Amino acid sequence: MKIAIVGASGAVGREFLRLLEHRDFPIDELRLFGSSRSAGSEIIFRGKEYKIKLLAQNDDFKDIDIAFVSAGGQTALDFASTITKHGALMIDNSSAFRMDPDVPLVVPEVNGADALNPAKRIIANPNCSTGSDPRAEPDRACACGYLPGC
């Protein structure tokens, strides 16, 4: 599985990484993205150093399977087409798509099947009062059928 994390240097991005490692999430390739402030900095994941790339409107998400995005609503809106244009599934942690009727708002234990083939290749995350705990993100990908054997 090829994974991207947008907002990798932030608190939620780092928690995504910690949980992906803790749960032994199957990752063949990892790409980390951030703002101009964090681009170029390095994060260690599973004993390997990864350099954070500047999030840009280009083809960096080509061949990515899942992109966990936690970089704010405006960034999610601005980069959604870049992230999804080659087929990546974007799991957005902001409020940007919560009211979009074409983007499923998914709580895996309640409506995980709604995320199986989202029209826009985006899954919205409920707000903090109902399920945006970043510890659920790997489970969200699994429960929604994006990981074989889950």
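## Briefing on the predicted model

D63 is situated in the loop that connects β5 (53–54) with β6. The structure is a predicted model, and the protein contains 4 helices and 8 strands. Read from the N terminus, the elements follow the order β-α-β-β-β-β-β-α-β-α-β-α.

**Overall build**

- The protein has 150 residues, and buried residues account for 47% of them.
- Of the contacts between residues at least 6 apart in sequence, 56% link residues at least 24 apart.

**Nonpolar cores**

- In soluble globular proteins, nonpolar side chains tend to be buried together.
- The largest nonpolar core comprises 22 residues, and the members that touch the most others are I3, I5, L20, L30, L32 and F68.
- At least two residues of this core come from each of β1 (2–6), α1 (11–22), β2 (29–34), β3 (42–45), β6 (66–69) and β7 (89–92).
- Helix α1 provides the largest share of this core, namely 3 residues.
- Once neighbours within four places in sequence are set aside, L30 has contacts with I3, I5, L17, F45 and Y50.
- Another core lies apart from the largest one and holds 18 residues, including F33, I64, A80 and I83.

- Rolling a probe the size of a water molecule over the atoms shows where empty space is left.
- Helix α1 makes the greatest contribution to the lining of the largest pocket, with 3 residues.
- S38 belongs to the loop between β2 and β3.
- S38 counts as buried because its relative accessible area is 8%, which is under the 20% limit.
- If residues up to four places away in sequence are not counted, S38 touches S9 and I52.

**Residues with positive phi**

- R46 is not a glycine, yet its phi is positive, near 50 degrees.
- R46 sits in the loop between β3 and β4 (48–51).
- The relative accessibility of R46 is 33%, so this residue counts as partly exposed.
- D63 likewise is not a glycine and has a positive phi, of about 75 degrees.
- D63 is classed as partly exposed because its relative accessible area is 46%, a value that lies between the limits of 20% and 50%.

- D100 is located in the loop between β7 and α3 (108–111).
- With a relative accessibility of 18%, D100 is counted as buried, since buried means under 20%.
- A polar atom of the D100 side chain lies 2.7 Å from the backbone nitrogen of D102.

Terms used
Residues are numbered from 1 along each chain as its sequence is written. This is a predicted model: local features need pLDDT of at least 70, side-chain atom pairs count only at pLDDT 80 or more; totals for chains, interfaces and linings use all residues. Side-chain values use heavy atoms; hydrogens and water are left out. A nonpolar core is a set of buried Ala, Val, Leu, Ile, Met, Phe, Trp, Tyr and Cys residues joined through side-chain atoms within 4.5 Å. Buried means under 20% relative accessible area, exposed over 50%, partly exposed in between (1.4 Å probe, protein chains only). Contact means heavy atoms within 4.5 Å. A polar contact is a pair of N or O atoms within 3.5 Å; within protein, one must be able to donate a hydrogen and the other to accept it, and residues adjacent in sequence count only if both atoms are side-chain atoms.
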